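Please look over the structure shown here before reading on. The notes that follow go from the chain as a whole to its parts.

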Amino acid sequence: MRALFLIMVLLGTLWSAERHFGFYELKGKEAGSLLFIIGGVHGDEPGGYFAPALITQHYRLQKGSLWVVPNLNFDSIVENRRGIYGDMNRKFASIKRDDKDYEIVKDIKKLILDSKVDFVINLHDGHGFYRSSWENSIFNPKAWGQAYIIDQKNISDVKFGNLDEIASKISRNLNQNLSKDHHSFNIKNTNTQFKDEEMQTSLTYFAITNLKPALAIETSKNISELDQKVFYQLQSIEELMKIMGIEYERDFELTLQEIDRLLEEHGEMSLNGHITLPLEGIRSTLRFVPMLPKGNSFSFSHPLGAIKERADHYEVMIGNRSIAKLYPQRFSGSCAAKGAEVIVDGVSQRVAWGERLLVKERFLVKEQAGVRVNVIGLVTSGRDSQDEVEVKKGMIASRFSLDEKERRYRVEFYSEEGFCGMITAWFEP
Ligand SMILES: [Zn+2]
(Lines give C-alpha, C1' and ligand atoms only; values in the text may rest on other atoms or scores of the structure.)
Protein backbone atom coordinates (compact mmCIF):
# COMPACT_ATOMS: atom_id res chain seq x y z
CA MET A 1 0.00 0.00 0.00
CA ARG A 2 2.70 2.39 1.03
CA ALA A 3 4.83 1.49 -2.00
CA LEU A 4 1.87 2.09 -4.27
CA PHE A 5 1.33 5.51 -2.73
CA LEU A 6 5.00 6.36 -3.22
CA ILE A 7 4.86 5.34 -6.89
CA MET A 8 1.81 7.54 -7.40
CA VAL A 9 3.52 10.49 -5.75
CA LEU A 10 6.57 9.99 -7.99
CA LEU A 11 4.45 9.76 -11.13
CA GLY A 12 2.57 12.84 -10.03
CA THR A 13 5.85 14.72 -9.78
CA LEU A 14 6.98 13.50 -13.18
CA TRP A 15 3.73 14.60 -14.76
CA SER A 16 3.24 17.99 -13.22
CA ALA A 17 4.90 21.29 -13.95
CA GLU A 18 7.82 22.30 -11.78
CA ARG A 19 6.28 25.59 -10.60
CA HIS A 20 2.66 26.27 -9.65
CA PHE A 21 0.99 29.65 -10.07
CA GLY A 22 0.55 32.11 -7.20
CA PHE A 23 -2.88 33.33 -6.09
CA TYR A 24 -3.59 36.72 -4.54
CA GLU A 25 -6.81 38.17 -3.19
CA LEU A 26 -7.32 41.93 -2.79
CA LYS A 27 -10.49 42.75 -0.95
CA GLY A 28 -12.16 46.08 -0.23
CA LYS A 29 -13.93 46.93 3.01
CA GLU A 30 -17.13 47.42 1.05
CA ALA A 31 -18.62 44.44 -0.77
CA GLY A 32 -18.83 44.57 -4.57
CA SER A 33 -18.01 42.78 -7.79
CA LEU A 34 -15.10 40.37 -8.19
CA LEU A 35 -12.71 40.63 -11.12
CA PHE A 36 -10.39 37.67 -11.72
CA ILE A 37 -7.12 38.76 -13.43
CA ILE A 38 -5.07 35.97 -15.00
CA GLY A 39 -1.60 36.73 -16.36
CA GLY A 40 1.17 34.67 -17.88
CA VAL A 41 -0.69 31.93 -19.76
CA HIS A 42 1.99 32.54 -22.41
CA GLY A 43 5.53 32.73 -21.03
CA ASP A 44 6.99 35.09 -23.64
CA GLU A 45 4.42 37.85 -23.12
CA PRO A 46 5.84 39.89 -20.23
CA GLY A 47 3.25 42.72 -20.42
CA GLY A 48 0.74 40.03 -19.46
CA TYR A 49 2.53 39.06 -16.24
CA PHE A 50 4.42 42.11 -14.99
CA ALA A 51 1.19 44.16 -14.96
CA PRO A 52 -0.68 41.81 -12.61
CA ALA A 53 2.49 41.42 -10.51
CA LEU A 54 2.42 45.19 -9.92
CA ILE A 55 -1.26 45.00 -9.00
CA THR A 56 -0.56 42.47 -6.24
CA GLN A 57 2.20 44.70 -4.86
CA HIS A 58 0.89 48.24 -5.26
CA TYR A 59 -2.93 48.29 -5.34
CA ARG A 60 -5.41 48.38 -2.46
CA LEU A 61 -9.16 48.00 -2.82
CA GLN A 62 -11.91 49.99 -1.16
CA LYS A 63 -14.88 48.34 -2.81
CA GLY A 64 -15.19 44.96 -4.50
CA SER A 65 -12.45 42.37 -4.90
CA LEU A 66 -9.70 41.23 -7.18
CA TRP A 67 -8.35 37.75 -7.56
CA VAL A 68 -4.98 37.82 -9.25
CA VAL A 69 -2.91 34.99 -10.74
CA PRO A 70 0.09 36.80 -12.23
CA ASN A 71 2.02 33.74 -13.38
CA LEU A 72 -0.27 31.01 -14.65
CA ASN A 73 2.36 29.32 -16.84
CA PHE A 74 5.31 29.91 -14.50
CA ASP A 75 7.61 27.25 -15.99
CA SER A 76 7.30 28.91 -19.41
CA ILE A 77 7.70 32.44 -18.00
CA VAL A 78 11.15 31.72 -16.54
CA GLU A 79 12.16 30.24 -19.91
CA ASN A 80 10.64 33.20 -21.80
CA ARG A 81 8.82 30.78 -24.11
CA ARG A 82 5.17 30.65 -25.16
CA GLY A 83 4.61 27.19 -23.70
CA ILE A 84 7.33 24.68 -22.88
CA TYR A 85 4.71 21.92 -22.62
CA GLY A 86 2.71 23.18 -25.62
CA ASP A 87 0.23 26.06 -25.79
CA MET A 88 -1.58 26.15 -22.44
CA ASN A 89 -4.30 28.37 -23.91
CA ARG A 90 -5.37 25.48 -26.16
CA LYS A 91 -5.97 23.06 -23.30
CA PHE A 92 -9.18 24.39 -21.78
CA ALA A 93 -11.63 22.21 -23.72
CA SER A 94 -9.84 18.99 -22.86
CA ILE A 95 -6.48 18.00 -21.45
CA LYS A 96 -4.82 14.61 -20.99
CA ARG A 97 -4.05 13.41 -17.48
CA ASP A 98 -0.36 13.03 -18.33
CA ASP A 99 -0.05 16.58 -19.71
CA LYS A 100 2.45 18.60 -17.64
CA ASP A 101 -0.07 21.47 -17.57
CA TYR A 102 -2.85 19.22 -16.24
CA GLU A 103 -2.79 20.31 -12.58
CA ILE A 104 -2.50 23.98 -13.46
CA VAL A 105 -5.36 23.96 -15.95
CA LYS A 106 -7.51 21.94 -13.54
CA ASP A 107 -6.80 24.37 -10.67
CA ILE A 108 -7.40 27.56 -12.64
CA LYS A 109 -10.66 26.19 -14.12
CA LYS A 110 -11.92 25.52 -10.61
CA LEU A 111 -11.16 29.11 -9.59
CA ILE A 112 -12.81 30.54 -12.73
CA LEU A 113 -16.01 28.60 -11.97
CA ASP A 114 -16.21 29.86 -8.40
CA SER A 115 -19.61 31.48 -7.84
CA LYS A 116 -17.98 34.67 -6.47
CA VAL A 117 -16.25 35.44 -9.81
CA ASP A 118 -18.07 38.08 -11.89
CA PHE A 119 -15.57 38.66 -14.71
CA VAL A 120 -12.38 37.04 -15.99
CA ILE A 121 -9.56 38.67 -17.95
CA ASN A 122 -6.65 36.86 -19.57
CA LEU A 123 -3.59 39.03 -20.29
CA HIS A 124 -1.34 38.72 -23.35
CA ASP A 125 1.14 40.44 -25.66
CA GLY A 126 0.05 39.60 -29.21
CA HIS A 127 1.68 39.94 -32.61
CA GLY A 128 1.33 43.18 -34.56
CA PHE A 129 -1.51 45.66 -34.24
CA TYR A 130 -5.05 44.47 -34.82
CA ARG A 131 -7.01 46.44 -37.43
CA SER A 132 -10.39 45.50 -38.90
CA SER A 133 -9.08 46.04 -42.44
CA TRP A 134 -5.75 45.18 -44.04
CA GLU A 135 -3.11 47.94 -43.95
CA ASN A 136 0.11 45.96 -44.08
CA SER A 137 1.78 42.89 -42.58
CA ILE A 138 1.88 44.48 -39.10
CA PHE A 139 -1.49 46.29 -39.05
CA ASN A 140 -4.21 43.89 -40.16
CA PRO A 141 -7.18 41.71 -39.16
CA LYS A 142 -4.96 38.71 -38.43
CA ALA A 143 -2.86 40.59 -35.88
CA TRP A 144 -3.66 40.29 -32.14
CA GLY A 145 -1.79 43.19 -30.52
CA GLN A 146 -3.45 46.30 -29.01
CA ALA A 147 -6.86 44.67 -28.94
CA TYR A 148 -9.56 43.46 -26.61
CA ILE A 149 -10.50 39.97 -27.69
CA ILE A 150 -14.06 38.82 -27.19
CA ASP A 151 -15.49 35.46 -28.21
CA GLN A 152 -18.95 36.84 -28.91
CA LYS A 153 -20.85 40.13 -28.51
CA ASN A 154 -22.69 39.20 -25.38
CA ILE A 155 -23.84 36.51 -23.01
CA SER A 156 -27.55 36.97 -22.38
CA ASP A 157 -28.98 37.33 -18.91
CA VAL A 158 -25.60 37.52 -17.20
CA LYS A 159 -24.29 40.54 -15.25
CA PHE A 160 -21.50 42.17 -17.29
CA GLY A 161 -22.42 39.86 -20.20
CA ASN A 162 -22.40 42.81 -22.65
CA LEU A 163 -18.81 42.10 -23.67
CA ASP A 164 -18.82 44.20 -26.84
CA GLU A 165 -20.11 47.29 -25.04
CA ILE A 166 -17.66 46.86 -22.18
CA ALA A 167 -14.68 46.40 -24.52
CA SER A 168 -15.81 49.42 -26.59
CA LYS A 169 -15.95 51.60 -23.52
CA ILE A 170 -12.48 50.51 -22.39
CA SER A 171 -10.97 51.13 -25.84
CA ARG A 172 -12.62 54.57 -26.18
CA ASN A 173 -11.05 55.67 -22.91
CA LEU A 174 -7.65 54.12 -23.63
CA ASN A 175 -7.45 55.69 -27.06
CA GLN A 176 -7.68 59.16 -25.55
CA ASN A 177 -4.37 58.76 -23.79
CA LEU A 178 -1.93 56.95 -26.09
CA SER A 179 1.85 57.39 -26.09
CA LYS A 180 1.80 56.99 -29.88
CA ASP A 181 -1.17 57.19 -32.23
CA HIS A 182 -0.57 53.78 -33.80
CA HIS A 183 -0.93 52.15 -30.34
CA SER A 184 -4.70 52.56 -30.53
CA PHE A 185 -6.83 49.69 -29.23
CA ASN A 186 -9.55 47.93 -31.21
CA ILE A 187 -11.99 45.15 -30.51
CA LYS A 188 -11.46 41.80 -32.09
CA ASN A 189 -14.49 39.53 -31.98
CA THR A 190 -13.36 36.02 -32.88
CA ASN A 191 -16.97 34.73 -33.10
CA THR A 192 -15.55 31.66 -31.47
CA GLN A 193 -18.66 29.50 -31.40
CA PHE A 194 -19.19 29.70 -35.16
CA LYS A 195 -15.90 30.67 -36.72
CA ASP A 196 -12.92 29.79 -34.60
CA GLU A 197 -12.54 26.16 -33.66
CA GLU A 198 -9.08 26.70 -32.24
CA MET A 199 -10.27 29.42 -29.88
CA GLN A 200 -12.91 27.02 -28.56
CA THR A 201 -10.11 25.47 -26.55
CA SER A 202 -9.06 28.77 -24.92
CA LEU A 203 -9.42 30.01 -21.36
CA THR A 204 -11.86 32.81 -22.16
CA TYR A 205 -14.11 30.51 -24.18
CA PHE A 206 -14.15 28.04 -21.30
CA ALA A 207 -15.22 30.92 -19.07
CA ILE A 208 -18.01 32.27 -21.28
CA THR A 209 -19.46 28.84 -22.04
CA ASN A 210 -19.76 28.53 -18.27
CA LEU A 211 -21.55 31.91 -18.17
CA LYS A 212 -18.56 33.82 -16.79
CA PRO A 213 -17.99 37.04 -18.76
CA ALA A 214 -14.41 37.10 -20.03
CA LEU A 215 -12.11 38.88 -22.42
CA ALA A 216 -8.45 38.92 -23.32
CA ILE A 217 -6.35 42.08 -23.16
CA GLU A 218 -3.57 42.04 -25.73
CA THR A 219 -0.79 44.59 -25.79
CA SER A 220 1.61 44.27 -28.73
CA LYS A 221 4.79 42.20 -29.09
CA ASN A 222 5.81 44.93 -31.55
CA ILE A 223 6.04 47.42 -28.70
CA SER A 224 9.40 46.49 -27.27
CA GLU A 225 9.39 48.60 -24.08
CA LEU A 226 8.05 46.62 -21.14
CA ASP A 227 6.99 49.74 -19.21
CA GLN A 228 4.80 50.80 -22.15
CA LYS A 229 3.02 47.45 -22.32
CA VAL A 230 2.50 47.35 -18.56
CA PHE A 231 1.14 50.91 -18.72
CA TYR A 232 -1.56 49.91 -21.25
CA GLN A 233 -2.39 46.70 -19.39
CA LEU A 234 -2.87 48.54 -16.11
CA GLN A 235 -4.91 51.29 -17.75
CA SER A 236 -7.18 48.72 -19.38
CA ILE A 237 -7.67 46.86 -16.11
CA GLU A 238 -8.46 50.10 -14.28
CA GLU A 239 -11.08 51.02 -16.89
CA LEU A 240 -12.71 47.61 -16.44
CA MET A 241 -12.66 48.01 -12.65
CA LYS A 242 -14.47 51.35 -13.02
CA ILE A 243 -17.12 49.75 -15.22
CA MET A 244 -17.57 47.01 -12.61
CA GLY A 245 -17.82 49.52 -9.74
CA ILE A 246 -14.62 48.24 -8.14
CA GLU A 247 -12.89 51.05 -6.22
CA TYR A 248 -9.14 51.00 -5.73
CA GLU A 249 -6.10 53.06 -4.95
CA ARG A 250 -2.49 52.51 -5.92
CA ASP A 251 0.65 53.76 -4.21
CA PHE A 252 2.21 55.24 -7.36
CA GLU A 253 1.34 57.56 -10.20
CA LEU A 254 0.44 55.76 -13.42
CA THR A 255 3.26 57.07 -15.64
CA LEU A 256 5.92 55.30 -17.69
CA GLN A 257 8.62 56.65 -15.42
CA GLU A 258 7.00 55.30 -12.28
CA ILE A 259 6.31 51.91 -13.87
CA ASP A 260 9.93 51.78 -14.94
CA ARG A 261 11.05 52.35 -11.39
CA LEU A 262 8.69 49.70 -9.99
CA LEU A 263 9.84 47.13 -12.55
CA GLU A 264 13.32 47.37 -11.02
CA GLU A 265 12.03 46.63 -7.51
CA HIS A 266 12.90 42.97 -7.13
CA GLY A 267 12.37 42.54 -3.40
CA GLU A 268 14.36 39.90 -1.59
CA MET A 269 15.08 36.20 -1.67
CA SER A 270 15.26 33.95 1.36
CA LEU A 271 17.51 30.87 1.20
CA ASN A 272 16.91 28.00 3.63
CA GLY A 273 15.54 30.50 6.14
CA HIS A 274 19.00 31.66 7.24
CA ILE A 275 20.10 33.91 4.38
CA THR A 276 18.17 36.88 2.97
CA LEU A 277 19.51 38.43 -0.21
CA PRO A 278 18.24 41.87 -1.23
CA LEU A 279 17.75 41.56 -5.01
CA GLU A 280 17.56 45.21 -5.95
CA GLY A 281 20.78 46.29 -7.59
CA ILE A 282 22.36 42.92 -6.77
CA ARG A 283 25.60 41.99 -8.53
CA SER A 284 25.08 39.73 -11.52
CA THR A 285 27.33 37.04 -10.04
CA LEU A 286 27.77 36.00 -6.41
CA ARG A 287 30.27 33.31 -5.45
CA PHE A 288 30.64 30.98 -2.46
CA VAL A 289 26.99 31.31 -1.48
CA PRO A 290 26.50 28.87 1.43
CA MET A 291 24.02 26.16 0.46
CA LEU A 292 23.04 22.63 1.41
CA PRO A 293 24.27 19.71 -0.70
CA LYS A 294 20.65 19.32 -1.89
CA GLY A 295 17.09 20.27 -1.00
CA ASN A 296 17.75 24.01 -0.81
CA SER A 297 14.62 26.10 -0.35
CA PHE A 298 14.20 29.50 -1.99
CA SER A 299 11.40 31.95 -1.39
CA PHE A 300 10.75 35.38 -2.88
CA SER A 301 8.89 38.51 -1.88
CA HIS A 302 8.28 39.26 -5.60
CA PRO A 303 5.40 37.28 -7.13
CA LEU A 304 7.49 36.45 -10.24
CA GLY A 305 10.62 35.40 -8.33
CA ALA A 306 11.97 31.93 -9.19
CA ILE A 307 15.14 29.86 -9.29
CA LYS A 308 16.47 28.03 -12.32
CA GLU A 309 18.81 25.24 -11.34
CA ARG A 310 21.85 25.04 -13.64
CA ALA A 311 24.73 22.54 -13.73
CA ASP A 312 27.05 24.53 -11.46
CA HIS A 313 24.95 27.48 -10.29
CA TYR A 314 21.48 28.84 -9.56
CA GLU A 315 19.95 31.58 -11.66
CA VAL A 316 17.67 34.05 -9.89
CA MET A 317 14.75 35.06 -12.12
CA ILE A 318 12.11 37.77 -11.84
CA GLY A 319 9.67 36.67 -14.52
CA ASN A 320 11.64 36.21 -17.74
CA ARG A 321 14.46 38.45 -16.53
CA SER A 322 17.67 36.95 -15.19
CA ILE A 323 18.73 38.93 -12.10
CA ALA A 324 21.78 37.11 -10.73
CA LYS A 325 23.78 33.90 -10.78
CA LEU A 326 24.57 32.27 -7.46
CA TYR A 327 27.53 29.88 -7.29
CA PRO A 328 27.16 27.66 -4.22
CA GLN A 329 29.57 26.46 -1.62
CA ARG A 330 28.05 23.36 -0.04
CA PHE A 331 27.79 22.68 3.68
CA SER A 332 26.11 19.65 5.19
CA GLY A 333 26.71 20.16 8.92
CA SER A 334 24.39 21.81 11.37
CA CYS A 335 24.68 24.72 13.75
CA ALA A 336 22.80 25.39 16.96
CA ALA A 337 23.16 29.19 16.98
CA LYS A 338 20.16 31.20 15.75
CA GLY A 339 21.70 34.64 15.62
CA ALA A 340 24.40 36.91 16.99
CA GLU A 341 24.93 39.91 19.20
CA VAL A 342 26.27 42.90 17.32
CA ILE A 343 27.25 46.39 18.49
CA VAL A 344 26.18 48.81 15.78
CA ASP A 345 27.41 52.39 16.05
CA GLY A 346 27.83 51.86 19.78
CA VAL A 347 24.42 50.20 20.40
CA SER A 348 24.08 46.50 21.16
CA GLN A 349 21.55 44.49 19.09
CA ARG A 350 20.44 40.88 18.89
CA VAL A 351 20.30 39.89 15.19
CA ALA A 352 18.70 36.72 13.80
CA TRP A 353 19.98 34.99 10.65
CA GLY A 354 18.66 36.61 7.52
CA GLU A 355 18.20 40.02 9.12
CA ARG A 356 19.81 43.22 7.98
CA LEU A 357 21.99 45.51 10.03
CA LEU A 358 21.67 49.24 9.32
CA VAL A 359 25.10 50.76 9.90
CA LYS A 360 26.07 54.42 9.94
CA GLU A 361 29.78 53.94 10.54
CA ARG A 362 30.84 50.78 12.29
CA PHE A 363 29.81 47.45 13.74
CA LEU A 364 31.37 44.79 15.93
CA VAL A 365 30.19 41.19 16.23
CA LYS A 366 30.42 39.83 19.77
CA GLU A 367 32.25 36.58 20.36
CA GLN A 368 30.02 33.47 20.60
CA ALA A 369 31.28 30.05 21.76
CA GLY A 370 31.72 27.61 18.87
CA VAL A 371 30.85 30.15 16.18
CA ARG A 372 33.29 31.65 13.70
CA VAL A 373 32.56 35.00 12.03
CA ASN A 374 33.58 35.90 8.48
CA VAL A 375 32.92 39.37 7.07
CA ILE A 376 33.29 38.67 3.35
CA GLY A 377 35.94 40.98 1.88
CA LEU A 378 37.48 41.90 5.23
CA VAL A 379 41.10 40.91 5.74
CA THR A 380 42.34 40.57 9.32
CA SER A 381 45.49 38.95 10.57
CA GLY A 382 45.94 36.78 13.61
CA ARG A 383 42.62 35.19 14.59
CA ASP A 384 40.54 32.91 12.46
CA SER A 385 37.25 34.49 13.51
CA GLN A 386 36.46 38.12 12.86
CA ASP A 387 34.45 38.69 16.03
CA GLU A 388 35.39 41.46 18.42
CA VAL A 389 36.75 43.45 15.45
CA GLU A 390 35.43 46.96 14.88
CA VAL A 391 34.53 47.02 11.16
CA LYS A 392 34.17 50.18 9.09
CA LYS A 393 33.08 50.25 5.47
CA GLY A 394 36.46 51.33 4.13
CA MET A 395 38.05 48.21 5.64
CA ILE A 396 36.04 45.81 3.41
CA ALA A 397 37.14 45.28 -0.20
CA SER A 398 34.23 46.84 -2.10
CA ARG A 399 34.21 44.21 -4.87
CA PHE A 400 32.80 41.76 -2.29
CA SER A 401 29.64 43.81 -1.78
CA LEU A 402 26.30 42.18 -2.57
CA ASP A 403 25.17 45.19 -4.59
CA GLU A 404 26.53 47.23 -7.46
CA LYS A 405 26.39 50.37 -5.32
CA GLU A 406 28.82 48.76 -2.82
CA ARG A 407 26.78 49.39 0.29
CA ARG A 408 25.68 45.91 1.41
CA TYR A 409 28.05 43.28 2.77
CA ARG A 410 27.87 39.68 3.87
CA VAL A 411 28.58 38.74 7.47
CA GLU A 412 28.66 34.95 7.69
CA PHE A 413 28.70 32.62 10.67
CA TYR A 414 30.09 29.07 10.80
CA SER A 415 30.21 26.27 13.35
CA GLU A 416 32.78 23.47 13.52
CA GLU A 417 30.60 21.32 11.27
CA GLY A 418 29.03 23.74 8.88
CA PHE A 419 27.24 26.96 8.07
CA CYS A 420 25.06 28.81 10.60
CA GLY A 421 23.64 31.85 8.85
CA MET A 422 24.23 35.23 7.29
CA ILE A 423 23.34 38.76 8.23
CA THR A 424 23.77 41.64 5.83
CA ALA A 425 25.42 44.89 6.86
CA TRP A 426 23.82 47.87 5.07
CA PHE A 427 25.98 50.96 5.22
CA GLU A 428 24.31 54.33 4.86
CA PRO A 429 25.24 56.08 1.63
ZN1 LIG B 1 -0.70 35.15 -25.72
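## Briefing on the chain

Among contacts between residues at least 6 apart in sequence, 67% join residues that lie at least 24 apart in the chain. The model is predicted, and its secondary structure comes to nine helices and 25 strands.

**Overall dimensions and surface**

- Taken along the principal axes, the box filled by the C-alpha atoms of the chain is roughly 80 × 60 × 45 Å.
- The chain has 429 residues, of which 53% count as buried, and its accessible surface comes to about 20200 Å², with 48% of that belonging to carbon and sulfur atoms.
- There are 55 positive and 59 negative side chains in the chain, and the centres of these two sets lie 2 Å apart.

**Domains**

- The chain is divided into domain 1, covering residues 2-263, domain 2, covering 268-330, and domain 3, covering 339-427.
- Domain 1 and domain 2 have C-alpha centres that lie 29 Å apart, and 16 residues of domain 1 are in contact with 12 residues of domain 2.
- Between them, domain 1 and domain 2 bury about 1200 Å², and 59% of this lies on carbon and sulfur atoms.

**Helix H4**

- In helix H4, which spans residues 102-112, the buried residues are Tyr102, Ile104, Val105, Ile108, Lys109, Leu111 and Ile112.
- An α-helix has 3.6 residues a turn, so residues three or four places apart point the same way.
- The buried residues of H4 pack against strands S2 (30-39), S3 (59-69) and S4 (119-126), and also against helix H7 (203-209).

Note on methods:
Residues are numbered from 1 along each chain as its sequence is written. This is a predicted model: local features need pLDDT of at least 70, side-chain atom pairs count only at pLDDT 80 or more; totals for chains, interfaces and linings use all residues. Side-chain values use heavy atoms; hydrogens and water are left out. Helices (H or I, at least four residues) and strands (E, at least two) are DSSP runs, numbered from the N terminus. Buried means under 20% relative accessible area, exposed over 50%, partly exposed in between (1.4 Å probe, protein chains only). Contact means heavy atoms within 4.5 Å. Accessible areas come from the Shrake-Rupley method with a 1.4 Å probe; for residues, only the protein chains shown count as cover. Lys and Arg count as positive and Asp and Glu as negative; His and the chain ends are not counted. The place of a charge is taken as NZ of Lys, CZ of Arg, CG of Asp or CD of Glu. Domain bounds come from an automatic or database domain assignment. Buried area is the accessible area (1.4 Å probe) that two parts lose on being put together, summed over both.
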